[in-house]
Amino acid sequence: MKNYTTLKDISNLSETIREAILLKMSPFEYSHLGKNKTLIMLFFNSSLRTRLSTEKAAKNLGMDVMILNVNDAWNLEFEDGTVMNMDRSEHIKEAAQVISQYADIIAVRAFPTLQDKAKDESEFVLNSFKKYATVPIVNMESSTAHPLQALTDAITISELTEKKKPKVVLSWAPHPKALPQAVANTFVEMMQDLDVDFTITHPKGYELNSEITKDSPINHNQEEALKDADFVYVKNWSSYNDYGKILNNDSNWMMTKAKLGNAKFMHCLPVRRNVVVEDAVLDSEQSVVIQQANNRTFAAQVVLKQILEDL
Ligand code: CP
């Protein structure tokens, strides 16, 4: 693997999932692979799981890890040809090349503005690192995608499914803040690549990018969509068409034990209790969110392993 910025960078999904599950059983088997290699993780935004699980994954492979909260460093300029006489002190051209001198792999988290759709869709932060860095780039959640989370979710469904073709539902939930579409986008793309019976449910106005949802079924009736589900993935996202806006905060869309039926409850976390999902779900045996969070390590580890093997 040369980079991991989108799911397209996975050459063999079923083999990658199988390899991640093997790494979970034997996490230190490849601890020689990362010897004398350094992962630098760059955070433009907050993180709990991605930060800790990716560091743990790298250390399981024997790598050194350095972390930079980018907002503590020089303010970066991303535009070409700018006269840098304002508040931006360092251009991405130098920054990415300099960081590449200290790293064998660079991982980047950079959320969207949710103000400027075209700018967000250009993935200007992630793609600038890809353009100017001289080492592989890993996406730790960008404007439009969260491929480490989606790989985690595929691993978790593979581990837990009791059916050859389980029914999986992505269900929108209310949230007080405008959130990105990245997790939902990449979950949709991942479900399209797996052998699952997949449905998306959300209120009208919350359509994701149709170039991503393609022909995945969308049902605006949550109750109908959830019928006989084996896995229910709950996630809020802000409107894509009315970009970044909150159009609906109807608490009737919150996931409850009654709506969940016999399905497993999935969420990427962090999650707001009794807004997105009621306590009775999160505190039940049907919630697999902690197993998902654990699998973040092995999703990151299989990605780092495949990159290290290709260095
Ligand atoms: N799911 C996820 O990416 O969690 P963090 O934002 O805490 O990293």
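Here are legends for a few close-up views of this predicted model.

This is a predicted model, so local features need pLDDT of at least 70 and side-chain atom pairs count only at pLDDT 80 or more, while totals for chains, interfaces and linings use all residues. Residues are numbered from 1 along each chain as its sequence is written, and side-chain values use heavy atoms, with hydrogens and water left out.

**View A. Two domains, side by side in one protein.** Domain 1 takes in residues 7-145 + 296-310, and domain 2 covers 149-292; these bounds come from an automatic or database domain assignment.

**View B. Where domain 1 meets domain 2.** Here 26 residues of domain 1 touch 31 residues of domain 2, with contact meaning heavy atoms within 4.5 Å. Interface size is often given as the accessible area lost when the parts come together. For these two domains the buried area is about 2100 Å², with 65% of it on carbon and sulfur atoms. That area is the accessible area (1.4 Å probe) that two parts lose on being put together, summed over both.

**View C. A salt bridge across the interface.** The rule finds 1 salt bridge between domain 1 and domain 2, and it asks for a side-chain nitrogen of Lys or Arg within 4 Å of a carboxyl oxygen of Asp or Glu. Look also for 7 residue pairs in polar contact across the interface, both residues at pLDDT 80 or more. A polar contact is a pair of N or O atoms within 3.5 Å; within protein, one must be able to donate a hydrogen and the other to accept it, and residues adjacent in sequence count only if both atoms are side-chain atoms. On domain 1's side, α1 (13-25), α4 (117-121) and α12 (289-310) each bring at least two residues. The largest share, 6 residues, belongs to α1. Helices (H or I, at least four residues) and strands (E, at least two) are DSSP runs, numbered from the N terminus.

**View D. Around the ligand.** The residues around the ligand include Ser 47, Arg 49, His 146 and Arg 296; each has a heavy atom within 4 Å of the ligand. Leu 48 has a backbone N or O atom 2.7 Å from a ligand oxygen. With Thr 50, a side-chain N or O atom sits 2.6 Å from a ligand oxygen, and for Arg 109 that side-chain distance is 2.8 Å.

**View E. Glu 77 and Arg 88 in a salt bridge.** The closest N and O atoms of this pair are 4.0 Å apart. Glu 77 belongs to strand β3 (residues 76-77), and Arg 88 sits in the loop between β3 and β4 (90-91), 11 residues apart. The structure holds 14 salt bridges.

**View F. A cis peptide bond between Leu 269 and Pro 270.** Omega is about 0 degrees here. Pro 270 is in the loop between β11 (264-266) and α11 (279-282).
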